[in-house]
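Student: Could you take me through this structure step by step? I would like to know how its parts meet.

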Number of protein chains: 2
Amino acid sequence: MHILIIGAAGMVGRKLTARLVANGSLGEQSIDKMTLVDVVKPEHPDGFAGIVDAVETDVSLPGEAEKLIAARPDVIFHLAAIVSGEAELDFEKGYRINLDGTRYLFDAIRLANGQDGYKPRVVFTSSIAVVGAPLPLSIPDDFHLTPLTSYGTQKAISELLLADYSRRGFFDGIGIRLPTVCIRPGRPNKAASGFFSNILREPLIGQEAVLPVSEDVRHWHASPRSAVGFLVHAATIDLDRVGSRRSLSMPGVSATVGEEIEALRRVAGEKAVRLIRREPDEMIMKMVAGWAPGFEAKRATELGFTAEKNFDEIIRVHIEDELGGTL
Amino acid sequence: MHILIIGAAGMVGRKLTARLVANGSLGEQSIDKMTLVDVVKPEHPDGFAGIVDAVETDVSLPGEAEKLIAARPDVIFHLAAIVSGEAELDFEKGYRINLDGTRYLFDAIRLANGQDGYKPRVVFTSSIAVVGAPLPLSIPDDFHLTPLTSYGTQKAISELLLADYSRRGFFDGIGIRLPTVCIRPGRPNKAASGFFSNILREPLIGQEAVLPVSEDVRHWHASPRSAVGFLVHAATIDLDRVGSRRSLSMPGVSATVGEEIEALRRVAGEKAVRLIRREPDEMIMKMVAGWAPGFEAKRATELGFTAEKNFDEIIRVHIEDELGGTL
């Protein structure tokens, strides 16, 4: 089978590639070929016996999507997006990449479907940013989508397109609303949500981290390992069981920053906790106030999607996957 | 004040034009100019002292929206759309007219906003087709949007764009989810929803009409007079009271076909009811089964939008507005 990953050079894309290589198969079928696409050329994965085609392109340029599906990949993971903060700062770029890029891909598949009946599985990464305040503590699956960012709007629109194109039979689409991925590996970045990861990742390796919000801020998290698990499961699940509502809120851990810190204390001790420096940031506090505190994720759980149960587990996954298993 | 109506040649567009001419003003301001736009040239309204610019164009052609807003109209009514059945039959045309056309208009305003601070009121006609089965008997304002037609998808996407462009300050947008307009004046048409009007309109003038569904089908209606009232009210309402959720389900009458017929009996007698011929149509029955039975419309009611209270009233409005006041 041939797998296309658009957005393969990002953190989740690289981990997804590595997982697929490690598994060697998806569902019942072995993987013969992977086409890895991003705006920077994705690296060739180690240890893959099949064909790898690494492509540097921007799917939001007209005509590019047609080329990417010319070889008719069986499964398409569409992860490419610019993040929330950038989509808010650059309105046109956000709509071009996050909406037009998605629509070009969907339309290229639709036209191919009309030509030769091509009908791939399309796994689309949506986001919990599709909901907007006021929000209940545990957001039900049928909560209405009233995004309060351009990014959330672009994701909500893409979900609507995914459902309509799937209903019309152009492809088999499924949308995955990713929780905030925590602990993100790598160095601290400027994303407003970065601190959720920073205050664990840095102290775990003996470095200081900044906490810009109060400890009672509650948010919704899953590990990078779980995020990849969601994508792989979405690629193989029976879509008849999903029905017409094709985008699913994924399971995760609802925790306050205080609970995060308690988990850090249990796993790495008081010494690690003391490395968290409080530096309240009004702007970040204001942004975070509108974010989702948690989801019921009942449908996804019933469909077999799984995530960590608490922050201790999220930290342990990070130690296993990023720190060689020990502190 | 200068008013632009896109979709001015349609039934609601013509009635809106006539109402604005009759009022001579909108809110506190007198109307000096009206630009009337449609794919067929709109007629000049009778009795208007101001300037009328009737334009035959298609707002889904790139560049047309820029021309339409070049004179910076104060209020824009965007009614242009192809109907549900056509959007389902012609996928590309539906997305072009109902989505791209709307986006071109919104983007033209956004760019003008960036140039000179232009910030018109934009009144957009959405539809109850934004919701999809399974549906409760009375759909609350915060019910999730899971449209089951391409038309409903295009309207739901337009609602998301309207909210985001308004949030960003590019214009003052408000979306109006119109109930099925009943009694539509004119001759029977091929719309699947046509029978709701046909079984009243034709018997009221002594002619036969066909009923393709059973009498227990429940649906959501408002008169053409109410539809125009919604639009005029939306153009003048204080948007601070509306908040970030810019699209509103309008009030209306939830009634079964049997209740419609009982109202006809009360207003026009048994003779009229006998003109309804039962001809069950499996395809129409199947389509109608997924339609909205009714809405709470709590927010719209609190904001001062009003409709008829029952079908007797809907029939009386038709007799007054279309039949000169008597049978």
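This is a predicted model: local features need pLDDT of at least 70, side-chain atom pairs count only at pLDDT 80 or more; totals for chains, interfaces and linings use all residues.

Tutor: Residues are numbered from 1 along each chain as its sequence is written, chains are lettered from A and ligands numbered from 1 in the order in which they are written, and side-chain values use heavy atoms, with hydrogens and water left out.

Student: How many residues does the largest nonpolar core have?

Tutor: A nonpolar core is a set of buried Ala, Val, Leu, Ile, Met, Phe, Trp, Tyr and Cys residues joined through side-chain atoms within 4.5 Å. Buried means under 20% relative accessible area, exposed over 50%, and partly exposed in between (1.4 Å probe, protein chains only). Among the residues with the most contacts inside the largest core are Ile69(A) and Ile6(B). That core has 72 residues.

Student: Is Leu204(A) buried or exposed?

Tutor: Leu204(A) is found in helix α6 (residues 194-204) of chain A; helices (H or I, at least four residues) and strands (E, at least two) are DSSP runs, numbered from the N terminus. Leu204(A) touches Ile183(A), Leu264(A) and Ile315(A), among others beyond four places in sequence; contact means heavy atoms within 4.5 Å. Its relative accessible area is 9%, so Leu204(A) is buried.

Student: In which strand does His2(A) lie?

Tutor: His2(A) is buried, with a relative accessible area of 8%. Leaving aside neighbours within four places in sequence, its contacts include Lys33(A), Met34(A) and Asp74(A). His2(A) lies in strand β1 (residues 2-6) of chain A.

Student: What area is buried between chain B and chain A?

Tutor: Buried area is the accessible area (1.4 Å probe) that two parts lose on being put together, summed over both. Here 35 residues of chain B are in contact with 35 residues of chain A. Carbon and sulfur atoms give 52% of the buried area, which is about 2800 Å².

Student: How many salt bridges does the rule find across the interface of chain B and chain A?

Tutor: A salt bridge is a side-chain nitrogen of Lys or Arg within 4 Å of a carboxyl oxygen of Asp or Glu. Arg110(B) and Glu92(A) meet in one, at 2.9 Å from N to O. Across the interface the rule finds 8 salt bridges.

Student: Which residue of chain B forms a salt bridge with Arg103(A)?

Tutor: The closest N and O atoms of this pair are 2.7 Å apart. The pair crosses between chains, from helix α4 (residues 91-116) of chain A to helix α4 of chain B. The partner of Arg103(A) is Asp100(B).

Student: How many residues apart in sequence are the parts that Glu259(A) and Arg218(A) tie together?

Tutor: Glu259(A) forms a salt bridge with Arg218(A), with the closest N and O atoms 3.5 Å apart. Glu259(A) lies in helix α8 (residues 257-273) of chain A and Arg218(A) in strand β11 (residues 218-222) of chain A, so the pair ties together parts that are apart in sequence by 41 residues.
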